[in-house]
Amino acid sequence: MKNQFNFPKLSVLLIATGLFISYGCKKDEAVTSTGACSVNADLVSKAATTYSNSPTVANCQAYLASVNAYLDSCPGLTTAQRTQYKADIAATKCQ
């Protein structure tokens with residue numbers, strides 16, 4: 001009879017965790033639709049502010065990832081410019 005009580009608790013825990021992850025992880029994802037360049041510029045700004053307030057390796061990596069997403073979403077750059085900027089970002093070491 002003990003297993004009858006564990007299964008519902010486990011199911012509720014798994015469902016709650018799944019909902020938390022699905023809603024909690026989407027707020028700062030890079031946008032690739034119309035207007036993505038300006039939206040991703042806002043994400044870069046937020047990531048830069050977060051990194052400047054708390055200069056950790058994780059925040060540095062998040063900032064660099066947001067810059068990469070911004071570069072991918074903006075049509076005003078040539079392929080050569082985008083490649084050079086991405087190479088500069090890749091050479092940056094977060095410490």
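View 1. From the N terminus on, the elements of the protein chain run α-α-α-α. In this predicted model, the protein chain has four helices and zero strands. Of its 95 residues, 17% are buried. Looking at contacts with a separation of 6 or more, 38% are between residues 24 or more positions apart.

**View 2. How confident is the prediction along the chain?** The mean pLDDT of the protein chain is 75, and 64% of its residues reach 70 or more. Which elements have the lowest and the highest mean pLDDT? Helix 1 (residues 2–24) has the lowest, at 45, while helix 3 has the highest, at 93. Over residues 3–26, pLDDT stays under 50, and the model has zero contacts beyond four places in sequence for this stretch. Where pLDDT is low, the predicted coordinates should not be read in detail. Please keep that in mind when you look at residues 3–26, where pLDDT is under 50.

View 3. Let us turn to the element with the highest mean pLDDT, helix 3. This helix has 17 residues and reaches 24 Å from its first C-alpha to its last. That span is close to the 24 Å expected at 1.5 Å a residue. Which residues of helix 3 are buried? They are Asn59, Cys60, Leu64, Ser66, Val67, Ala69, Leu71 and Ser73. What do the buried residues of helix 3 pack against? Their partners are helix 2 and helix 4.

**View 4. The largest nonpolar core.** Six residues make up this core: Val44, Cys60, Leu64, Val67, Leu71 and Ile89. Helix 3 (residues 57–73) gives the most to this core, with four residues.

**View 5. A closer look at Leu71.** Is Leu71 buried or exposed? With a relative accessible area of 5%, Leu71 falls under the 20% cut-off, so this residue counts as buried. Leaving aside neighbours within four places in sequence, Leu71 is in contact with Leu77, Arg82, Tyr85, Lys86 and Ile89.

**View 6. The disulfide of Cys37 and Cys74.** The count of disulfides in this model comes to two, and here we meet the pair Cys37 and Cys74, with sulfur atoms 1.8 Å apart. Cys37 lies in helix 2 (residues 36–53) and Cys74 in the loop between helix 3 and helix 4, so the pair ties together parts that are 37 residues apart in sequence. The torsion about the S-S bond is about 95°, so this disulfide is right-handed. How do the two cysteines compare in accessibility? Cys37 counts as partly exposed at 23% relative accessibility, whereas Cys74 counts as buried at 6%.

**View 7. The disulfide of Cys60 and Cys94.** In this disulfide, Cys60 is joined to Cys94 with an S to S distance of 2.0 Å. The pair links distant parts of the chain: Cys60 is in helix 3, and Cys94 is in the segment after helix 4, 34 residues apart. With -70° about the S-S bond, the link is left-handed. What is the pairing when the bonded cysteines are numbered in sequence order? The pairing is 1-3, 2-4.

**View 8. The one salt bridge.** A search of the whole structure finds one salt bridge. Which side chains meet in it? Those of Asp72 and Lys86 do, at 3.1 Å, N to O. The pair links distant parts of the chain, with Asp72 in helix 3 and Lys86 in helix 4 (residues 79–91), 14 residues apart. At 52% relative accessibility, Asp72 counts as exposed, whereas Lys86, at 26%, counts as partly exposed. Lys86 is also among the residues in contact with Leu71.

Methods:
Residues numbered from 1 in each chain as written. Predicted model: local features only at pLDDT ≥ 70, side-chain atom pairs only at ≥ 80, totals over all residues. Heavy atoms only, no water. Core = buried A, V, L, I, M, F, W, Y, C linked by side-chain atoms within 4.5 Å. Buried < 20%, exposed > 50% of the residue type's maximum accessible area, 1.4 Å probe, protein only. Helix = DSSP H or I, 4+ residues; strand = E, 2+ residues; numbered from the N terminus. Salt bridge = Lys/Arg side-chain N within 4 Å of Asp/Glu carboxyl O. Disulfide = S-S within 2.5 Å. pLDDT = per-residue confidence, 0-100. Contact = heavy atoms within 4.5 Å. Expected span 1.5 Å × (residues − 1).
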